[in-house]
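Visitor: I'd like to learn how to read a model like this one, feature by feature. Could you put it up and walk me through it?

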Amino acid sequence: MSSEGFIINSFILIVILNLSVLIAFEFSLVSVAVFLPILIPACLILLRINIFSEDNILPETEIGYFPIFSYILSFIASIGFFMIFPAFTSNEGSFWFYIIVFVLASIGAIVPVIPDQINKLLPYDIRNTKGQKLLVAITLVLVISLWLFVIIYYISIGASPLELTPARFGGG
């Protein structure tokens, strides 16, 4: 199967699994929170399907852009979208806080899916081991910066960790 066929089949499978989760949880906010971080990377890779084709394999290393590798990195970064859902259920937190979290999570989810554009910025190619390690490092820096922003924000408003913990886990 070609990489394009693999991406399309994987996307259909992810959509079916996500719809079953949405139906099982009766389209609740929790099911949407689980649905989005799984679906967003799949949609981004589907939109960039030509980048992940066999035409982009580097002849020297015989390595191309890996859709599974990019999906996993994008999924890790898009977990930050979970932090946006409290904006819909409570009036706590600043509007700008949620906008900044959304932007940081979006950047983190998009960067692993655009390896061809990152190649233009780097002095060497992403389609080798050193380049893939750098792509992981860039994604991790984006994810860590998102979490640091959130932690610093909550420290600055004086929220204690116990207040941020859901009530079922002993928080308030």
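Guide: Start with Ser74: its relative accessibility is 0%, so Ser74 counts as buried. Buried means under 20% relative accessible area, exposed over 50%, and partly exposed in between, with a 1.4 Å probe and protein chains only. Before we go on, this is a predicted model, where local features need pLDDT of at least 70, side-chain atom pairs count only at pLDDT 80 or more, and totals for chains, interfaces and linings use all residues. Residues are numbered from 1 along each chain as its sequence is written, and side-chain values use heavy atoms, with hydrogens and water left out.

Visitor: Which residues is Ser74 in contact with?

Guide: A contact means heavy atoms within 4.5 Å. Setting aside neighbours within four places in sequence, Ser74 is in contact with Pro41, Leu44, Ala109, Pro112 and Val113. Ser74 sits in helix α3, residues 67-78; helices are DSSP runs of H or I with at least four residues, strands are runs of E with at least two, and both are numbered from the N terminus.

Visitor: And what about Ser78, buried or exposed?

Guide: Ser78 is buried, at 0% relative accessible area. Ser78 is also found in helix α3, and, not counting residues up to four places away in sequence, Ser78 touches Pro37, Pro41 and Ala109. As a general idea, an α-helix has 3.6 residues a turn, so residues three or four places apart point the same way.

Visitor: How many aromatic pairs are there in the whole structure?

Guide: The rings of Phe, Tyr and Trp (its six-membered ring) pair if their centres lie within 6.5 Å; planes under 30 degrees apart are stacked, over 60 edge-to-face, and the rest tilted. A search of the whole structure finds five such pairs. One of them is Tyr71 with Phe75, stacked at 6.4 Å centre to centre and 10° between the planes. Tyr71 and Phe75 are four residues apart in helix α3, so about one helical turn separates them. Tyr71 is buried at 19%, whereas Phe75, at 28%, is partly exposed. Phe97 and Tyr98 make an edge-to-face pair, because their ring centres are 5.1 Å apart and their planes are at 70°.

Visitor: Last one: where is Val103?

Guide: Val103 is in helix α5, residues 95-110, and is partly exposed at 41%.
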